[in-house]
Amino acid sequence: MLVTGSFAQAQERTPAQQALASARFTIISPFPAGGPTDVLARTLAEGLSARYGQPAVVENLAGAGGNIGMERAKRARGNGHTLLVVPAGNITINPVLMPNFPFNIQRDFTPITMLANTPNVLVVHRDAGIDTVDALIAKAKAQPDSLSYATPGVGSGLHMAGELFKHNAEVDMLHVAYRGTGPAINDVMAGVVPMAFSSLFSVMPYMQAGTLKVLATTSALRSPIAPELPTLNELGVPGIDVSSWYGLFGPAGMESELVQQLAQDAAQILAAPDIQARLTNQGMSSRSMSPAEFASSILVETREWEKLIQARRLVAN
């Protein structure tokens with residue numbers, strides 16, 4: 001009876017589901033363990049394994065700003081069993097910021113769906129003497145380049161949030177690029193740098209403990225995760241809408257049925273109440289899109305960043 005039941009279940013699956021149930025999954029996270037990319041990769045791995053009865057392994061292939069993991073995903077077979085979870089900056093910013101960027105996003109990868117996003121925030125050291133966005137702008141205008149701000153690195157979405165803030169607020173501040181959010185926030189905590197643009201995911205514990213002061217979010221609207229935080233738009237710096245999103249991609253050449261099935265799987269996995277609670281506790285919220293919507297949003301966002309990068313004359317190697 002058990003054999004018959006399993007056979008019937010397999011027969012009820014669509015061809016795409018049968019193909020996905022035929023082998024183990026590898027989910028590539030191109031950054032170290034513990035960050036939001038890794039959290040989402042592991043959540044997805046657990047869900048796919050439960051759905052298809054196959055092992056799902058997360059590979060943390062950090063290095064070269066995420067390019068090592070992306071190269072591994074690019075070279076994989078497009079059968080749906082090797083997937084990539086990657087943040088927005090690697091997809092929509094680096095291609096137009098870095099002259100020698102080694103990938104063509106549209107040619108080398110298949111966009112499947114957005115997985116989640118987390119608001120970005122402007123945070124200051126609690127003893128920096130900057131209690132409001134107005135005070136920050138006034139100080140920056142009175143003493144150009146006297147203020148510095150930390151980000152996880154050149155070309156990150158948070159670097160671009162800082163550049164957009166400077167552009168729209170008409171101020172000059174010094175960008176201090178770190179190799180990751182952890183070192184950047186550590187130096188703000190130590191008072192080495194007075195402020196930072198960071199994801200809410202990374203500063204939520206310090207915000208709750210009162211060791212860092214969040215001045216505003218960089219989203220267009222207040223976040224449901226932290227509705228008490230005002231936006232920069234509300235505080236007089238209009239035109240800023242920068243959140244950190246994370247997407248699911250496969251290698252180029254994936255069949256449409258597989259892409260549609262994986263997008264559906266990811267949306268259902270992340271919609272589970274326990275997963276929603278887990279993400280909220282870490283400052284993230286799930287965000288699903290159809291593959292077509294996701295691909296279109298990537299093109300639109302890339303064009304917007306290209307305009308800012310050209311206006312600010314930014315370049316990175």
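This is a predicted model: local features need pLDDT of at least 70, side-chain atom pairs count only at pLDDT 80 or more; totals for chains, interfaces and linings use all residues.

**Entry 1: a histidine pair**

I started with histidine 159, whose side chain makes a polar contact with the side chain of histidine 175, at 3.5 Å. Residues are numbered from 1 along each chain as its sequence is written, and side-chain values use heavy atoms, with hydrogens and water left out.

Is histidine 159 buried or exposed? I found it buried, because its relative accessibility is 5%. (Buried means under 20% relative accessible area, exposed over 50%, partly exposed in between, with a 1.4 Å probe and protein chains only.) Leaving aside residues up to four places away in sequence, histidine 159 touches Tyr149, Thr151, Gly153, Val154 and His175. (Contact means heavy atoms within 4.5 Å.)

**Entry 2: helix 8 on helix 13**

Histidine 159 is found in helix 8, so I looked up the terms: helices (H or I, at least four residues) and strands (E, at least two) are DSSP runs, numbered from the N terminus. Helix 8 (residues 157-169) packs on helix 13 (residues 291-312) at about 60 degrees, with the axes 11 Å apart. That angle makes helix 8 oblique to helix 13. (Under 35 degrees is roughly parallel, over 145 roughly antiparallel, 65 to 115 roughly perpendicular, and the rest oblique; axes are lines fitted to C-alpha atoms, for helices over the stretch in contact, and angles run from 0 to 180 degrees between N-to-C directions.) From helix 8, I listed Met160, Glu163, Leu164, Lys166 and His167 in the contact; from helix 13, Trp305, Leu308, Ile309, Ala311 and Arg312.

**Entry 3: helix 5**

Next I checked helix 5 (residues 88-97), which is mostly covered, with eight of its ten residues buried. Those buried residues include Asn90, Ile91 and Leu97. They pack against several elements, among them helix 8, helix 13 and strand 9 (243-251).

**Entry 4: helix 3 and helix 11**

Last, I looked at helix 3 (residues 36-52) and helix 11 (residues 256-271), whose axes come within 10 Å and cross at roughly 105 degrees. That makes helix 3 roughly perpendicular to helix 11. Among the residues in this contact are Leu40 and Tyr52 of helix 3 and Gln261 and Leu270 of helix 11.

Note on methods
A polar contact is a pair of N or O atoms within 3.5 Å; within protein, one must be able to donate a hydrogen and the other to accept it, and residues adjacent in sequence count only if both atoms are side-chain atoms.
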